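Colleague: I should like to go through the reasoning behind several assignments. Please set each value beside the criterion that it has to meet.

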Number of protein chains: 2
Amino acid sequence: MRIVVDAMGSDDHPAPDVAGAALAAREFKDTIILVGDQGQIETELAKLDTSGLSIEVQHAGQKIEMTDKPSKVVKGKPNSSMHVGIGLVKRGEADAFVTAGNTGGALAVAMLRQVGLGRIPGVKRPALGVIFPIEERPLLIDNGANADCKPEYLLQFSLMGSLYVERALGIQNPRVALISNGEEEGKGNALIKEAIPLLQASGLNYIGNIEPKEFMQGAADVGVTDGFTGNVIIKTAEAIASYMNNMIRREIKASPLTILGGLLARPAFKRVGRRLNPDEVGGAPLLGVNGVVIVAHGGSNAYAMKQAIGQARRIVEKKVVEAIRTGMSSEE
Amino acid sequence: MRIVVDAMGSDDHPAPDVAGAALAAREFKDTIILVGDQGQIETELAKLDTSGLSIEVQHAGQKIEMTDKPSKVVKGKPNSSMHVGIGLVKRGEADAFVTAGNTGGALAVAMLRQVGLGRIPGVKRPALGVIFPIEERPLLIDNGANADCKPEYLLQFSLMGSLYVERALGIQNPRVALISNGEEEGKGNALIKEAIPLLQASGLNYIGNIEPKEFMQGAADVGVTDGFTGNVIIKTAEAIASYMNNMIRREIKASPLTILGGLLARPAFKRVGRRLNPDEVGGAPLLGVNGVVIVAHGGSNAYAMKQAIGQARRIVEKKVVEAIRTGMSSEE
């Protein structure tokens with residue numbers, strides 16, 4: 001397998017991106033193609049032991065910044081690492097593209113018809129799926145690619161999410177739910193209410209509407225939402241986790257006895273941290289794009305990059321894109 | 001001051017509702033009118049020391065259940081404790097109504113023109129404000145009264161929330177923000193994008209769009225959102241807090257050393273619990289209704305009820321409804 005890694009994506013690029021690529025090349029025995037500033041990539045590679053690894057470097061003279069607007073990068077930076085990297089997948093020279101860069105930028109470049117991958121026929125809007133880093137590892141889709149959605153988009157997100165979870169995570173007959181402000185009939189906004197009959201008629205294992213609480217308890221394998229709500233859910237979850245974390249730290253530091261208690265309990269806190277670590281779950285798959293694109297979070301370290309690359313190869317191996325293509329054609 | 005308390009509202013009614021009323025009567029020296037099943041209320045009162053307290057009982061033969069649909073209770077249960085209680089405020093026999101019952105039911109009854117309070121002239125949609133139980137105590141509005149919103153509703157929520165926070169919480173020139181999926185220009189869904197120019201022209205202290213993270217860090221005094229998103233935010237926050245809580249407990253119990261650490265650190269955990277306790281902040285004010293209505297959460301204990309009653313009296317004292325009335329008339 002040949003996987004392209006954007007060396008210029010993460011907040012601290014190119015170090016974690018390159019180191020993660022090396023970890024992946026060793027663990028998975030794949031060929032990794034690093035795309036970005038050749039000089040910088042080679043400097044990073046020189047710091048690592050890459051003996052026996054299959055790593056190639058492809059120069060790209062531009063990079064897309066986190067602050068760049070997706071609409072502007074498409075034409076304004078035609079030689080960005082994303083353009084070059086996605087182009088390799090487009091031309092069949094690689095199987096997947098992984099970046100820890102600007103999500104909107106990656107989506108915009110992937111969607112280009114000439115140099116990008118475009119949509120899978122029949123897909124109205126590609127969507128970003130995110131694995132929630134709780135024990136049950138449910139998928140939340142859409143997580144920000146589409147701030148405004150129509151009911152039929154939610155139907156397609158459900159189908160794509162369901163296929164992803166079934167193929168890539170091996171969950172049989174995945175439970176699909178709409179995320180809403182209540183489970184009772186009549187709850188939900190207009191979008192949710194219109195999506196319900198579509199889901200009911202979809203043939204998917206639609207279990208109804210659930211609240212965030214039930215989602216966090218693992219009630220569904222796929223939680224479906226518009227990209228605005230999904231993004232707000234993820235960001236609220238991160239904010240609360242970090243808020244609680246800081247407050248617990250502060251209160252433990254407030255007296256000698258609780259400091260001692262905190263020291264003794266440290267292994268427990270470490271286990272909690274590891275369990276909730278978003279690095280474990282890899283990146284977010286861009287579903288609906290006609291090829292494999294994974295967006296890892298900007299703060300990714302080498303381990304998180306390696307996990308994201310592992311996820312990309314699983315998607316290739318399990319033929320998720322092909323499954324969505326088939327699913328879409330049988331929809332029509 | 002005379003405050004009506006719904007004795008049939010909370011999940012465990014009437015015990016916490018009645019006990020909370022007694023606590024409030026003692027602390028605030030107000031007259032509390034308990035509305036609900038007279039026999040049940042008197043049984044509860046008999047268990048308490050009510051000497052010297054000004055507590056009245058008003059019988060209401062029906063009660064609104066948490067599972068009742070708002071649209072059905074309005075006509076189907078004309079003698080509910082909510083109808084009777086809100087009627088007392090309507091007729092000027094009391095200053096405020098506090099319930100821990102069905103939020104949609106309270107809103108529906110409050111909005112009735114004949115027996116309820118109706119809207120403040122000019123208010124398009126009343127909204128539910130919730131004080132987030134973090135250190136900075138920001139208000140999130142709307143928290144579920146309006147699942148689908150228009151940009152001008154968000155403008156009115158901003159005005160009402162700002163006046164509430166200024167008057168009832170004493171915050172000068174409160175900072176108002178729209179809650180969005182990003183702070184950058186161009187972020188947000190269609191609703192947010194259309195609301196931005198309205199907020200910019202509003203004369204309020206509009207500080208821009210903020211993400212949930214910034215909101216949790218106290219970047220705004222008033223966070224404005226549609227009721228669907230607001231409700232999902234609150235429910236996600238509760239779900240994550242409870243998820244982390246359970247996981248920390250479980251991991252601490254996993255070994256003798258961490259159990260000991262947990263015991264020593266217990267005072268710190270208790271302080272965290274107290275800080276994040278939603279009981280502290282009282283109930284949610286129903287803003288835009290032509291009178292004072294507070295909805296406490298269903299799981300309220302006596303202390304939470306007392307806090308909600310305290311909040312109601314502050315709204316009366318600080319003339320928040322009058323301020324919104326004036327604000328609305330100058331809008332037009």
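Modeller: Let us begin with a criterion: a residue is buried under 20% relative accessible area, exposed over 50%, and partly exposed in between. Please bear in mind that this is a predicted model.

Colleague: Why is A:L263 called partly exposed?

Modeller: The relative accessible area of A:L263 is 46%. A value under 20% would be buried and one over 50% exposed; A:L263 is therefore partly exposed. This residue lies in helix α10 of chain A, residues 256-264.

Colleague: What makes A:L263 part of a nonpolar patch?

Modeller: A patch takes residues with over 30% relative accessible area and no salt bridge, and nonpolar side chains are joined within 5 Å. Together with A:I259 and A:L260, A:L263 forms a nonpolar surface patch of about 250 Å² accessible area.

Colleague: How do you know that the length of α1(A) agrees with that of a helix?

Modeller: The expected span is 1.5 Å times one less than the number of residues. For the 14 residues of α1(A), 15-28, this should give 20 Å, and the end C-alpha atoms are 20 Å apart, so the two agree. Just after this helix, A:K29 has a positive phi of about 60 degrees.

Colleague: What makes α1(A) largely enclosed?

Modeller: Ten of its 14 residues are buried, so the rest of the structure largely encloses α1(A). Among the buried residues are A:P16, A:V18, A:A22 and A:F28. Their cover includes β1, β2, α2 (38-46), β3 and α12 (302-317) of chain A.

Colleague: Why is α4(A) described as mostly covered?

Modeller: Nine of the ten residues of α4(A), 81-90, are buried, a term that requires under 20% relative accessible area. They include A:M82, A:V84, A:I86 and A:L88. The buried residues pack against β1 (2-6), β2 (31-36), β3 (54-59), α3 (70-76), β4 (96-99) and α5 (103-111) of chain A. A:G92, which follows α4(A), has a positive phi near 75 degrees.

Note on methods: Residues are numbered from 1 along each chain as its sequence is written. Chains are lettered from A and ligands numbered from 1 in the order in which they are written. This is a predicted model: local features need pLDDT of at least 70, side-chain atom pairs count only at pLDDT 80 or more; totals for chains, interfaces and linings use all residues. Side-chain values use heavy atoms; hydrogens and water are left out. Buried means under 20% relative accessible area, exposed over 50%, partly exposed in between (1.4 Å probe, protein chains only). Helices (H or I, at least four residues) and strands (E, at least two) are DSSP runs, numbered from the N terminus. Contact means heavy atoms within 4.5 Å. Patches are made of residues with over 30% relative accessible area and no salt bridge: like charges are joined within 9 Å, nonpolar side chains (Val, Leu, Ile, Met, Phe, Trp, Tyr) within 5 Å. Accessible areas come from the Shrake-Rupley method with a 1.4 Å probe; for residues, only the protein chains shown count as cover. A salt bridge is a side-chain nitrogen of Lys or Arg within 4 Å of a carboxyl oxygen of Asp or Glu.
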